[in-house]
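Reader: I have a new model open and would like to go through parts of it. Can you take my questions as they come?

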Amino acid sequence: MFYARQLSRQLSRDTERRKSTDSFSRGSVIDGLPLGKVGDNRVSTGDAEGGAEKDLKKELDNQYTTLKRHILQFQSVTLGLFPRIGYANEQPVEAHVRDSIYCATAAWALSQAYRRIDNDQGRTHELAQVAVKTMRGILYCWIRQADKVEKFKENQSASHALHSVFDPHTGDPLYKDDEFEHLQIDVVGLYLIMLVQMITSGLQIIYTTDEVNFVQNLVFYVERAYRTPDYGMWERGSKYNNGSTEVHASSIGIAKAALEAINGVNLFGDQGASWSVIFVDIDAHNRNRTIFESILPRESNSKNTDASLLATVGWPAFGIHEEPIRSRTIDKVKRKLRGPRGFKRFIRDGYKTVVEDNKRKYYKPAEIKNFDGIECEWPMFYVYMLIDCIFLGDKEGIATYSKLLDNVMTRSNEGLLLPQYFFIPADQIDRERSRPGSADRIPSDVGSTKGIFLWGQSVYFISQLLVKDLLNVNDLDPIRRHLPASERPKVNSRYSSFQRAHFGKESEITPPDLVLQVVLIAESSRLQQLLATYGIQTQTPHQVEPIQIWSPKELSRAYEYLGINKKLGLTGRPKRPFGVLSTSKIYRVCGATVLCYPLLFEVVDFYMAQDISIVIDDLKNDLAFLSKCWKLAGRPTFCMLIRENNIRGKNFSEFLELLAQFKSGDVDGIRVRVGRLQTLISSACIEHLDFLTTLPDQSIFQPFQESNHGRFSFKSLTDIPTVLELADDTVLNEQELKVKATWDLIQMFKGAESLTAQNQILKLLLYREGPNYHFEGVPLSRRLEQLVAKAGLHKRWEVVRCCSSLLGKLVDSLAPSITSILVRGKHLTVGVFGHEEEVLDKPVSPNEIKNILYSKCMAHDTCQAVLQQELILAIGKHIATSPDAYDGILKIRIGWFVRAMEMELEQEDEHVKIESLSPYQVKQLLLSILVHRSDEYDLRTPLQRRQLDGALSRVPKDFYERVWEILERTPGGIKVAGYLLPQQPTLSDMTMQELNFSLLVEQMLSKIVDPAYRQLMVEAFMVVSTILRRNPELVFHQSVNMDRAIQDAFEEFQKDRSRLDGHEKQDDMRCFFNTMPNVKHGTTSYIIKAVVKNLLDGDIKVSMEDMCCIS
């Protein structure tokens, strides 16, 4: 009975659509978008058009027959899933989710085409239900793995991934978690995109609130794609096929597109209520967007490019609309991968080549070298390019790819079939390797003589509907993903959505003159009165009522009810903090209006909030970020919460200057408008949290309360309690302290006025007695907390950092900062300079970061456990806005950065320790060494320059390519500081431009312990490379010992110094490091002599063949 009602409703909707044909053809409007003007090609039923309709119906019926024969005959009867390869008269044994989605899309696309005629013989509905059955079949398989989704939200591990292969008849998993590469973020993203496309077209796929909750949790599943290494579209992970995962641009791009597509969508369609709407974390979307754009045109660390990017930047995802990045990505794919029979998936892809050992799941080291130049070519990607050209209206491209496709199609009794791939036969492998492009590629059995490759056949079928004008691009893309966000129809005005207004450039959806709305909230009425004396108008929480002011933690708490489902064991949104984009919306919550202040103003136990200068700097960065990244309709509303602590101390004038900038309407070039909250709501971005209406107790959320200080008020700054200067700053002898008894130390602590002395005593007591040791009823941990607060008030930052380290403090947002660094192709190391370092090459959880930092730093330098957190936080923000400052720095070694900053302080002859600087001063010092001006750089001595560049691990632009060229002519490998970089399997496994090779070179250079020596080593590599480039006949016979070359150069340098200046020989190389490189008697000339000496000693041999060729 239920399905009968569903069928009746669907048929009535179809009838209504046909009745509205005339209005569509006249250019009717859905939420401001004229649909008739973008190609609604519905054929009318008038007599004059009767012949055209018959021709159209005949062509559609032909396509219906083709679809049945090529694709639908392989659909599972029970769940509607499809296998990867369809074999006639054989029951499929496994169904792949990705392939099933494309097959469902093909059926849905033809259903969309049939809507153009009246006499469809019920095929519109039949084909639509084919798609519904498949999408619900996938949902059925996944919903049985809801426990995996729940675990994956907290830990993005491959063992918690949703499966991508199922039994087509029962929906049971076919492989265990470790038997198949299930972690494929792009599959879940693709499912969400097509789900929205089909629902928008009128299909009903989601039936119950349980299913709505599950889909909401799928959104949580893909939100962290930007930091989740997966196996990618080819189910192999890195190109080495050794079971390792990596971050893929294609996975991030499809996830980002899915978040955009499903934001604010009602899964019940037009019939839905408020509780069937899907919500997206706009900050998570922005992280995926920025990181996706920063990785492109690269696919991953091991893949310089990949054909999977075609389906990511074009149909079906349309993951990017910034035309320069999009064009660069597609051009690179075409340049590197396109062949006469299709596109290679990626360079050195061994899949289905005749030399691949298909009995082994993984490759051996260096095995991928065997596939260089003989990779299979996949004609399916011609289809993707054809569809992309159709969406772009590129007639020349359409003709080009149609012709290429015509040359690769198999003509069979079943019709035109698309081969899965073309391979080079065994007898032509050597010929192809010696003369690339000379071999004749043969089509695979699948798609030619045996079986049908359903993924490729589906996209080909869709392309032909478009080419023959049976299907319009807007019918294939009802949500208009192919258009910039500003031109798409708005889903629902009740929920936040991407902007629709035009601001010049197509891809630009953030208006260039965006105004940020700022609300100034004073925590107390007496603070409000004081600020008013300076002309700063604020509001108190009481004055904005009934509007509530919330902390970001309360907002996170509210969102924990989103997607919650006890039956499925789903807990809702994970406890993750919201970023400044999310806190800049106005929320409607359980009948109340709510504004959140950003995380920046939250009271935290990490000491950086005690430095008002860093708070102001972070506030300006947040405003700059908002002005650049705000993509939603309506203005962002920034809530600045002013506390009384902000106006205490020496920095009040700086704080007052910021408030004056707010009042003027311009903060460092960013337009702001300060006003009363009640008047700003009308132009704000509004979000309705309708999922909270079902809460049994809607008073569980605690708004920010106004501070009550009785009748006492501030009339001026003189009424504010001042911070008394500390006269005593005694430093105790730690060796004498160690021999004293615990009781004596306690007595000394009671009498000590010096904060440094108190810190020394508490540190020793902590090591001796532990954090829970009490004296006078107070535990040591509490006394350390009190000392942090007091030292912060007096700006004694060394004491603050030491106590914070002893307490094991961890700053918020450290994990996202590390991820921000890693996804830009950098590696990160933590550890004290001169001691063991830990390499961070993949995103890690906060607990893992804490364990690594404290285990590597505390034993050598107590303060650095927290100081390095400051630097990671600063670098994470800086690299996102100024990536050029890190050009030439592949491995960011935090301990070495600290050393560079210490050397900078030493150069300025300031007897200041870095630990005693304020967090803001530390940040400014970091930026000064990264972005040094040329005039300042010229003032440094050669030694200082080498020390700085070496400590930053900065190398010339083409350095890694030059090391590759040296390695190519060095069979014995390259040796540095006892580390050997072998020629094989390095050259076999990697390519010159591959990021992993550059990281391998950095691993070799990291064995050097002196920054100046490291930089001299880089110069030596450049010298050797230049010699080899100018003398192509030279080949190193043995391993190249670069240390020996530099040592020989130093020996020659000392001989000349002794001969010319009378200096005695010495072991200290600093005089050599302090010598200019490219001058007479410079370091370069001595290194050249050393290399030539090695040549004469027989370490280098001359290839006689090359010499003969040259002569």
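Author: Let's begin with an open sheet of 3 strands, in the order β29-β28-β31 with mixed pairing. Strands pair if DSSP finds at least two bridges between them; strands (E, at least two residues) and helices (H or I, at least four) are DSSP runs numbered from the N terminus. This is a predicted model, where local features need pLDDT of at least 70 and side-chain atom pairs count only at pLDDT 80 or more, while totals for chains, interfaces and linings use all residues. Residues are numbered from 1 along each chain as its sequence is written, and side-chain values use heavy atoms, without hydrogens and water.

Reader: Which strands stand at the edges?

Author: β29 (979-981) and β31 (1040-1041) do. Each has a single partner strand, so one side of each has no neighbour in the sheet.

Reader: And how does β28 join β31?

Author: Through 2 bridges; β28 (residues 974-976) and β31 run parallel. Lys975 stands opposite Asn1041 in β31.

Reader: Which helix lies across β28 and β29?

Author: Helix α37 (residues 995-1005), running at about 160 degrees to β29. Axes are lines fitted to C-alpha atoms, for helices over the stretch in contact (heavy atoms within 4.5 Å). Angles run from 0 to 180 degrees between N-to-C directions.

Reader: Switching to α16. What span should it have?

Author: 20 Å for its 14 residues (454-467), at 1.5 Å a residue. The expected span is 1.5 Å times one less than the number of residues. Its end C-alpha atoms are 20 Å apart, which agrees.

Reader: How many of the residues of α16 are buried?

Author: 13 of the 14, so α16 is largely enclosed by the rest of the structure. Buried means under 20% relative accessible area, exposed over 50%, and partly exposed in between (1.4 Å probe, protein chains only). Just after α16, Asp469 takes a positive phi of about 60 degrees.

Reader: Is Ser111 buried or exposed?

Author: Ser111 is buried, because its relative accessibility is 1%. Ser111 lies in helix α4 (residues 97-114) and touches Thr124, Leu127 and Ala128, leaving aside residues up to four places away in sequence.

Reader: Which residues touch the most other members in the largest nonpolar core?

Author: Leu110, Trp142, Tyr191, Ile206, Tyr221, Trp315 and Phe343, out of 146 residues. A second, separate core of 124 residues includes Ile547, Phe704, Ile849 and Leu926. A nonpolar core is a set of buried Ala, Val, Leu, Ile, Met, Phe, Trp, Tyr and Cys residues joined through side-chain atoms within 4.5 Å.
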